[in-house]
Amino acid sequence: MSPFNKKELKCNRPLNVTKTSLPSLDKYIPYLEQIFSTRRLTNSGVFSLELEQKLASFLSAENVSVTNNGTLALMIAIQQAGLSGKKVATTPFTYVATISALLWQACTPVFVDIDPQTLCISPAALEECLRNDPEIAGVLPVHVYGIPCDVFQISKLCAHYSIPCIYDAAHAFGVKFNGRSIFEYGDYAIGSFHATKLFHCVEGGCIVTHSAGDKHGIELLRAFGHIGDEHFCLGINAKLSEVHAAMGLCMLTLVEESITKHLAACTAYDARLLGVSGVGRPEHPGGTTANGAYYPVILPDEAALLRVMATLAERDIYARRYFYPACSKLPYAQKAWSPATCFVAEDIASRVLCLPISSEIGQDDINEICNVILSCI
Ligand code: T4K
């Protein structure tokens with residue numbers, strides 16, 4: 001072990017917003033041995049197909065297509081839904097990838113403000129937006145921090161206007177709503193399996209659909225739009241390699257334990273912070289089984305947030321401004337259009353801070369972080 005590792009173990013620092021979980025090497029190596037012996041490295045090999053089957057079971061979804069990241073999963077879902085080049089209503093309170101995917105698909109994002117409790121797209125604002133703009137061809141809401149959107153209202157609106165809904169469920173692996181996997185809601189739901197996520201393949205993602213025809217279309221788009229010498233459509237390369245799929249197969253066996261540990265960390269934070277004046281928390285709707293992937297707190301103002309971040313940083317602890325700025329403020333989203341200023345999203349984005357959380361965070365770390373917050377606000 002290098003001296004650096006010794007120091008890190010002793011001091012448990014730096015303490016970042018998350019710490020990637022890994023399987024033990026002896027679980028991963030047999031997969032690598034098989035990959036090395038067969039020399040099948042990518043292009044829908046056995047491990048990526050096995051991962052799709054296992055994810056279908058875990059996510060209670062018949063049609064799962066794995067991709068090489070969540071951003072390309074979004075781009076492909078947008079194209080498969082027929083939304084390329086069109087206006088799409090979405091939330092300004094998300095990681096930039098949601099908006100990047102729309103812009104790379106030449107869509108015009110229409111920013112709709114968020115609900116102040118769940119921080120997900122506001123169904124009332126969405127309704128108004130759809131009523132006033134018949135050009136909106138689809139909806140791309142985000143289950144931000146794994147908090148379920150108002151899926152029933154959104155589904156009603158989409159049915160009324162006959163437009164598709166693509167859920168960005170990048171944060172929501174393992175989340176259930178009303179007893180069903182969150183990936184079952186919407187016409188499409190995408191996942192991100194990036195190293196910073198609860199479940200990961202180093203890099204990876206998936207698209208869940210409800211028809212075999214859609215899955216076939218997605219598979220064409222994911223692999224250059226051709227099968228052998230027959231070319232069907234303009235595709236891209238979004239295939240998951242076997243090395244990544246193998247990591248996913250290992251991580252899938254650990255994900256339930258990881259969720260349990262994350263939820264225990266949330267409970268420990270809650271014990272110190274819930275009800276404290278000046279520390280707000282977003283709310284999960286009733287019927288949610290959460291995954292504990294993120295622990296966001298809403299501070300009184302940006303000055304308090306900057307004080308907390310700086311004081312934590314002095315202790316080598318790094319909370320993150322997920323998600324700042326609101327995407328309605330992005331300099332390159334000039335093409336985007338908002339029916340009204342997204343006051344709630346822009347206000348929340350200026351003062352929300354995600355505290356460190358991982359399978360390994362300890363009670364002492366959580367106490368130290370909470371003490372800093374209490375002393376700063
Ligand atoms: N939609 C939404 C709503 C998303 O949040 C995302 C991605 C996407 C779509 C797109 O999915 P992908 O195309 O990424 O599959 C991270 C992730 O890169 C990104 O996947 C994620 N959302 C976003 C919320 O966060 P950063 O810039 O915060 O990562 P970074 O490198 O600063 O890492 C944060 C901390 O994690 C580090 O301080 C230490 C720890 N870490 C990080 C890495 C990369 C590890 O322990 N190991 C690692 O390998 O973006």
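The largest cavity in this predicted model has a volume of about 30 Å³, a cavity being, on a 1 Å grid over the protein atoms alone, a set of points where a 1.4 Å probe fits but cannot get out. For the volume itself, grid points are joined across faces, edges and corners, and the space filled by probe spheres set on the points is what counts. By this rule there is one cavity of 30 Å³ or more. Its lining, meaning residues with an atom within 4 Å of a point, consists of Ser44, Ser48, Glu52, Val66, Arg222, Lys239 and Leu240. These divide into two nonpolar, two polar and three charged, where Ala, Val, Leu, Ile, Met, Phe, Trp, Tyr, Cys and Pro count as nonpolar, Asp, Glu, Lys and Arg as charged, and the others, Gly among them, as polar.

Before I go on, a word on conventions. Residues are numbered from 1 along each chain as its sequence is written, and side-chain values use heavy atoms, with hydrogens and water left out. Since the model is predicted, local features need pLDDT of at least 70 and side-chain atom pairs count only at pLDDT 80 or more, while totals for chains, interfaces and linings use all residues.

Now to the largest pocket, a pocket being an open set of points with protein on both sides within 12 Å along at least five of seven lines. About 620 Å³ of space lies in the largest pocket, and of the 38 residues that line it, Ser192, His194, Thr196, Lys197 and Tyr294 are the closest to its centre. The lining divides into 19 nonpolar, 15 polar and four charged residues. At least two lining residues each come from α4, α5, β8 (188–192), α10 (255–273) and β14 (352–355), with helices (H or I, at least four residues) and strands (E, at least two) taken as DSSP runs numbered from the N terminus. The largest share, three residues, comes from α4.

What takes up the space of the largest pocket? It is the ligand, by the rule that more than half of a molecule's atoms must lie within 2 Å of the grid points. Of the 25 residues around the ligand, Thr71, Asp168, His171, Arg320 and Tyr322 come nearest, and a residue belongs to this shell if one of its heavy atoms lies within 4 Å.

Let me turn to the polar contacts, which here are pairs of N or O atoms within 3.5 Å. A ligand nitrogen is 2.7 Å from a side-chain N or O atom of aspartate 168. A ligand oxygen lies 2.8 Å from such an atom in arginine 320, and an oxygen of the ligand is 3.4 Å from one in the side chain of histidine 194. Taken alone, the ligand exposes 930 Å², of which the protein buries 75%, with accessible areas from the Shrake-Rupley method with a 1.4 Å probe.

Finally, some backbone details. Arginine 13 and proline 14 are joined by a cis peptide bond with omega about 0 degrees, and proline 14 is in the loop between α1 (3–11) and α2 (25–38). Another cis peptide bond, with omega about -5 degrees, joins tyrosine 324 and proline 325.

Terms used. A polar contact is a pair of N or O atoms within 3.5 Å; within protein, one must be able to donate a hydrogen and the other to accept it, and residues adjacent in sequence count only if both atoms are side-chain atoms.
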